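Subject: The structure, and what turned up in it

Hi there,

Here is the structure I promised to pass on. Please open it alongside this email, and my notes follow below.

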Amino acid sequence: MGSKLGWLKLPLYGALLFLYLPIAVLIFMSFNESDAPFTWTGFSTRWYGELISSPEILTGFRNTLIVAIAATIIAVVLGTLLAVGLARYQRSAALEAIALTPAIFPDLALAIGLLTLFTNLNYALGLDSVIISHALFCAAFVTAIVRGRLHQIDSSLEQAAADLGDTAVGAFFRITLPSIKPALIAGALLSFTLSLDEFVIAFFTNGPSTPTLPIVIYSMVRFGVSPEINALATLVLLTSALIIIIAQRNLKVKDQI
Amino acid sequence: MAQALVKTERDANQRRALISRSIFLIPGLAYITIFMLVPLGFIFFYTFLTRGTYGGVEYIFTLENYTRALDSLYVGILMESIMIAAAATLLAFLIGFPTAYAITKLPSNWQNVFLLLIVLPFWTNFLIRTYAWIVLLNTQGFLNKGLINTGLINQPLEFLYKPGAVILGLLYAFLPLMILPIYSALVRIDPAMKEAAINLGASPSQAFRQITLPLALPGVLVGAIFVFVPSIGNFIVPELLGGGKTVMVGNLIRDQFLKARDWPFGSVLAISMVVMLLILFFLQARVNKAVLGEKSG
Amino acid sequence: MSAFLSIENLSKNYGQQIAIKNLSLEIAENEFFALLGPSGCGKTTLLRALAGLESVDAGEIRLQNQDLLSLPANKRPVNLMFQSYALFPHLTVYENVAYGLRREGLPKDEIAERTSKVLRTVSLLDQKNRSPSQLSGGQKQRVALARAIVKRPKILLLDEPLSALDKKVRSEMQLELKRLQHEAGITFILVTHDQEEAMSIADRIALMDQGEVIQVATPVEMYRAPKTKFVADFIGENNLLTGQITTSSFMVAGKSLPIANTQLPSGSNAVLVLRPEQITLGVSGFVAGKLISSNFYGGSTLLFIDCGFDQLIKVTCVLDQVPVVGTTCHLSWNPADATLLSDG
């Protein structure tokens, strides 16, 4: 492999080095024994232990977990229905564009829009408003993935089911749903990590008493580098990376079918 | 009689089709309408209102928010934001294009591996990835230590808290968004295109410039929009790596909503960002049509 | 005097897979030559090797005694019309056709003149400012053709040029290709998997299988005198009966069929090749069988008769003589017409 690349190896491996070097340094420093943030004194896992004893971090973790799970459930239901609707019942480029917009729209614009809406409705900001907000853009990603999967499978399967007397909803549960299962899993995993790591929208739509983990991290990193953040950051990074790799594997299965 | 029966049967069928269509489409579209389109309408509406004393708005019509946006202070911030975002976009293109091109040259199973490696950081926590640069670039950070140890410098250099650090952070954050669309534009080019150019007498470098590059242009533009727009609207990188010294449109919008409590003015800024996005996508669609002779892309 | 184009002992492998196996071939000037064969037989690899888009492992290609392999792809006097046409979508029809001339650095006037002339030849001058996406399949094909011949190559290579067209446009384009080849005086080498296309269009055909040339002949020769069972099977409709040669006849499935003189030794396994139109129906014959089905093709009808062999016998018959399905038919033929091939 790579023998045909020639000088193109330079940008390829250079880009990967650029993308991974800061992360690698961060992970490395999270095992530093000393609390001096930049001087390596020896290997230790003590900062990982400290994380568990920090009530702030634990609360943030709990809040984030609640938000991510709830937002994922809403997003998968809404996104799947919409993708099937767009693929089977209403082919429209305009509707499709609208359905995918929350995924590519600037997060800041979504965030202030949602803040404005909740304020106007006098809706008290809290975890539920974050859940509603996260489900918005997560659903768009689920729609995109499931839509892609539906593109590949034959719509005549459902038509055959309908022809054999099944109702549209029946055909959905008996035929469509099983065939898009890998896409659903990938979409759910992606939603979960997106919500887990999302900061901007959570920052605007959250109440003061229920910070999510990224908000906790934000308040910590603003005061500079600490080994505790390094340890927390390492865990968060590896968790997301793991989930994304699993999600990717599900999409691969899709390609092979 | 029989005909009437057929007709009601047909009506019932149509009704059923409508119901199933509604079951699938309405929840999602309603959700997007309520939580994205309506709020955007609110924001647009706010741009014509007067700021409230404690946040929110007073329903007094004014165009002052727009004229205020043309104040040299804000025009200056906008220009600086555009320059910084454009620099990040240009760098992302210069690194991203050869990277994407290199990936297309790999055997197909390796292409997937490298694409995953490229996007993986993007899906992880944005704050943490930005923070990682502080660890690396701080005066006592890794880079300075390394440079001092190798004897290249005596005193630690201040990399952070300069526009350059903001550009670097944005480049780092959004580079994958440049690589992916360029990659997908490149792999969609029929390999016969380049072969045809060579067969007609073009040298490999001519074939690249005259055929491959223009055909990849729609992908390059998508990548450019994907890097440029979130860069303009970003407030984390300027805050963490720019040390608050570099103010970008994103910071300004954030502050209008959360600190200055001037929602109408913040709305003007946000709407301009959205309009910029729409204009850029419109231009991209035009180029796409001109290059590939088709609408979708 | 050696041939216009000579290919000698050409070999090409993709790893373990053999694409071209020690292949030699000679093609004359102004010839319309077809490389015919099933997919994966190496015909496209050979074409691409001629164009320089594929490297070869061993062998030589000489064009008018000049070593073609030492020339880079963009310097060869050989142009290729791609199967997908490969029209540049961001250029107009005119720019597509002029592209190759511009690479030669010709003066502007000459480029304009030659481009317009060739566009007129393929009747596309009115469409010259269109984008390829606005053209029909047949028009795209003509642009691709114009783009290749405007360079006045010594050889024009055509990779399955008609496969993307529907049947009616196809036969029009076949005529068009023949006319153009005549007018332009260029050697055409066409790759196709469609034996009818090769037969109707080419002066000579090379039938390829598994990287080797099996037979090179004119279409008529190849139809009349197939060299192997593969050729007999690939070219046209055929009945291939596998059996054994005895002293005076040919034994198939326990039946004895008459044969003319053969060089094949008595007792050897062989294949009797019988074209459907060589068989006649009568009141008596060499074999008899029941009519299973008849397929109507307009001018003629193809009958399928079960004579107790491992396959149904195909017989061509004119419409007003088609028997009722289920009738017993008696089949005879002139033994001198039938070909006997060794089955080794």
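For the cut-offs, a buried residue has 20 or more other C-beta atoms within 10 Å of its own, an exposed one has 12 or fewer, and partly exposed lies in between, with C-beta atoms placed from the backbone.

Some housekeeping before the rest. This is a predicted model, in which local features need pLDDT of at least 70 and side-chain atom pairs count only at pLDDT 80 or more, while totals for chains, interfaces and linings use all residues. Residues are numbered from 1 along each chain as its sequence is written, and chains are lettered from A and ligands numbered from 1 in the order in which they are written.

Chain C

Chain C holds 8 helices and 20 strands; these are DSSP runs numbered from the N terminus, with helices being H or I of at least four residues and strands E of at least two. Along the principal axes, its C-alpha atoms fill a box of roughly 75 × 45 × 35 Å. Of the 344 residues in chain C, 41% are buried.

Chain C is divided into domain 1 (5-226) and domain 2 (237-342), with bounds that come from an automatic or database domain assignment. The centres of these two domains of chain C, taken over C-alpha atoms, are 39 Å apart. Two residues are in contact if their C-beta atoms, placed from the backbone, lie within 7 Å. Among contacts in chain C between residues at least 6 apart in sequence, 64% join residues at least 24 apart.

Back to C:Gln64, which sits in the loop between β4 (58-63) and β5 (66-67) of chain C. C:Gln64 is not a glycine, yet it has a positive phi of about 45 degrees. C:Ala253 also has a positive phi, near 45 degrees, and is a residue other than glycine. Its place is the loop between β12 (249-252) and β13 (255-258) of chain C. C:Ala253 counts as exposed because it has 12 C-beta neighbours inside 10 Å.

How the chains meet

Which chains share the most contacts? Of the 2 pairs of chains in contact, it is chains A and B. That contact takes 61 residues from chain A and 64 residues from chain B. On the side of chain A that touches chain B, helix α5 (residues 107-120) of chain A gives the largest share, 11 residues. By class, that side of chain A has 47 nonpolar, 12 polar and 2 charged residues. Here Ala, Val, Leu, Ile, Met, Phe, Trp, Tyr, Cys and Pro count as nonpolar, Asp, Glu, Lys and Arg as charged, and the others, Gly among them, as polar.

Between chain B and chain C, 19 residues of chain B are in contact with 21 residues of chain C. The elements giving two or more residues to the chain B side are α8 (191-199), α9 (204-232) and α12 (263-292) of chain B. The largest share of that side, 6 residues, comes from α8(B). Its residues divide into 11 nonpolar, 5 polar and 3 charged. No contact joins chain A and chain C, and their closest C-alpha atoms lie 14 Å apart.

Helix packing

In chain A, helix α3 (residues 55-89) and helix α6 (residues 127-152) pack at an angle of about 40 degrees, with their axes 6 Å apart. Axes are lines fitted to C-alpha atoms, for helices over the stretch in contact, and angles run from 0 to 180 degrees between N-to-C directions. That angle makes α3(A) oblique to α6(A): under 35 degrees counts as roughly parallel, over 145 as roughly antiparallel, 65 to 115 as roughly perpendicular, and the rest as oblique. The contact of α3(A) with α6(A) has 22 nonpolar, 6 polar and 1 charged residues.

In chain B, helix α5 (residues 126-137) and helix α7 (residues 163-188) pack at about 135 degrees, with axes 10 Å apart. α5(B) is therefore oblique to α7(B). Among the residues making this contact are B:Trp133 of α5(B) and B:Tyr172 of α7(B).

Happy browsing!
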